[in-house]
Amino acid sequence: MPLPDPQRSRIVLVGASDYTDPDLPALPAVRRTVTDLAAQFTDPVHGIVPEEHCKVLLNDTDLSRVGRTLRDAASAAEDLLLVYFTGHGLVGGRRHDLYLALPYSEYEAPEFNSVEYDKLRATVLDSRAATKIIVLDCCFSGRAVNDTMAGGRDTVDRLEVAGTYVLASAPRDQVALAPPGEEYTAFSGRLLRLLREGVPGGPEELTVVELYRRLAAAMRAEHLPVPRNRGTENADQTALALNRAFAATAAPDLRNRQAAADQQALQGDWAGAAEALRAVLAEQTRILGQDHPDTLRSLRNLAHCLGGAGDPAQAVRLLRPLPEAYARLHGGDHPDTLHTRQFLAVNLGESGRRAEAVALLRILLADRSRVMGGEHVDTLRTRHMLARNLALTGAEAEAAALLRQVIAERERVLGAKHPHTVRARKDLAALEGGGRGV
């Protein structure tokens with residue numbers, strides 16, 4: 001299932017770390033938990049909503065403002081509505097109703113100074129969002145859980161919202177909410193770890209149910225209270241994050257497919273190689289990102305194949321931004337940066353922009369000579385390409401002089417019978433025979 005539409009989704013994070021009631025101990029981990037959850041959910045690359053669609057209410061003492069924020073988010077959400085609370089959970093009244101504690105909440109009488117869960121539930125239920133998710137990372141006292149269960153209904157049963165998914169950490173005592181020495185609450189800290197590190201060997205997208213399974217397994221293994229869940233209408237299939245560990249699994253396979261396409265091009269099947277590289281490029285862009293070295297390499301090689309297949313103009317359009325991208329990634333003198341500049345110059349020449357190609361090749365030749373030396377095979381290739389383009393612009397004398405230099409250096413470096421040496425010799429013969437089209 002694809003990630004939620006960021007423009008049509010809303011997130012509300014509510015947390016309370018400080019309390020005025022001495023019966024409600026402070027929860028310092030909540031502050032860091034809420035802050036880092038917000039950063040994760042709004043991350044420009046791996047998040048699911050922009051910052052303006054994620055409201056954070058940390059230690060907010062105004063109950064009416066909290067309610068208004070929840071109502072506004074519920075009204076605006078069309079795809080995903082996610083409400084996440086972390087702090088103390090309290091029970092009050094004859095029915096042992098659930099309340100979510102705010103800084104001024106009272107342990108013994110939360111009815112008038114806490115978020116009543118039933119009202120939050122009704123607000124979420126009224127939303128037109130396609131998927132509604134409530135996450136409660138709060139501790140219930142042993143008395144509250146026992147009383148609820150004694151009445152014949154489990155705590156999580158009371159939290160169910162039709163058409164939504166509810167996930168409750170449901171610890172049995174306050175200590176379990178934030179284990180000593182940990183910077184986050186037990187439940188949210190392990191959720192953050194999954195979102196940040198991903199699941200090795202897991203699917204490309206982390207759905208709610210996948211996250212729950214991993215959380216339950218991790219907390220059970222650490223002898224922590226196991227979270228409870230309840231979902232309806234396939235809400236648990238909603239993806240909340242891309243699996244960051246998926247790239248580590250997918251990248252080698254994509255790299256192999258890229259290499260196979262490059263080999264296809266070397267065998268002369270430019271069009272087939274281009275088609276294969278398009279498919280690889282689409283997956284690399286989605287999984288690895290558009291600035292990943294593997295993605296850039298596929299884009300560069302795709303452009304080269306398009307030029308070889310007879311569309312140098314399209315190759316130029318793809319290649320134009322790549323030298324700058326490579327320079328940002330590796331630096332201006334890196335071989336990949338220099339190689340990409342050569343690809344651009346070659347396709348500029350083939351698309352009829354010979355003067356621009358000559359200008360780029362002159363600069364590239366100076367840079368390759370400086371970085372690699374005058375007799376490096378890549379430097380000689382640039383000098384040869386410059387000579388070919390000069391000949392096609394009418395500068396035969398300079399082109400012939402460059403070709404003689406290329407031949408002499410290739411004979412010394414590669415040998416007289418090397419294909420590159422033979423090609424330069426043929427080009428020089430064609431030029432001296434009166435032809436410009438070397």
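**Chat about a predicted chain**

Reader: Where does pLDDT stay under 50?
Author: This is a predicted model. One place is residues 141-155, where pLDDT stays under 50 and the model has 17 contacts beyond four places in sequence. Another is residues 171-176, also under 50, with 19 such contacts.

Reader: How should I read the coordinates there?
Author: Where pLDDT is low, the predicted coordinates should not be read in detail.

Reader: Where is confidence lowest in the chain, and where highest?
Author: Helix H4, residues 142-150, has the lowest confidence, with a mean of 30. Strand E2, residues 54-58, has the highest, at 97.

Reader: And what is the mean pLDDT of the chain?
Author: The mean is 87, and 90% of the residues reach 70 or more.

Reader: New topic. How many residues are in the largest nonpolar core?
Author: That core has 43 residues. Ile11, Leu13, Phe41 and Ile133 have the most contacts inside it.

Reader: What is Ile133 in contact with, leaving aside its neighbours within four places in sequence?
Author: Ile133 is in contact with Leu80, Leu81, Leu82 and Val83, and also with Tyr165, Val208 and Leu240.

Reader: Helices next. How do you describe two packed ones?
Author: By the angle between their axes and the distance between the axes.

Reader: At what angle do H11 and H13 cross?
Author: Helix H11 (residues 312-319) and helix H13 (residues 335-350) cross at roughly 145°, and their axes come within 8 Å. The crossing is left-handed.

Reader: Which residues meet there?
Author: From H11 they are Pro312, Ala315, Val316 and Leu319. From H13 they are Thr340, Phe343, Leu344, Asn347, Leu348 and Glu350. Seven residues of this contact are nonpolar, two are polar and one is charged.

Reader: Is His384 buried or exposed?
Author: His384 is buried, because its relative accessible area is 6% and the cut-off for buried is under 20%. His384 lies in helix H15, residues 377-392.

Reader: What is His384 in contact with, again leaving aside neighbours within four places?
Author: Leu403, Val406, Arg410, Arg423, Ala424 and Asp427 are in contact with His384.

Reader: Last one: where is Gly189?
Author: Gly189 is in helix H6, residues 186-197. Gly189 counts as buried, at 11% relative accessibility. From Leu37, Gly189 is 152 residues apart in sequence and 9.3 Å apart in space, C-alpha to C-alpha.

Notes. Residues numbered from 1 in each chain as written. Predicted model: local features only at pLDDT ≥ 70, side-chain atom pairs only at ≥ 80, totals over all residues. Heavy atoms only, no water. pLDDT = per-residue confidence, 0-100. Helix = DSSP H or I, 4+ residues; strand = E, 2+ residues; numbered from the N terminus. Contact = heavy atoms within 4.5 Å. Core = buried A, V, L, I, M, F, W, Y, C linked by side-chain atoms within 4.5 Å. Buried < 20%, exposed > 50% of the residue type's maximum accessible area, 1.4 Å probe, protein only. Axes fitted to C-alpha atoms, helices over the stretch in contact; angles between N-to-C directions. Left-handed = near helix turned anticlockwise from the far one by under 90°. Nonpolar A, V, L, I, M, F, W, Y, C, P; charged D, E, K, R; others polar.
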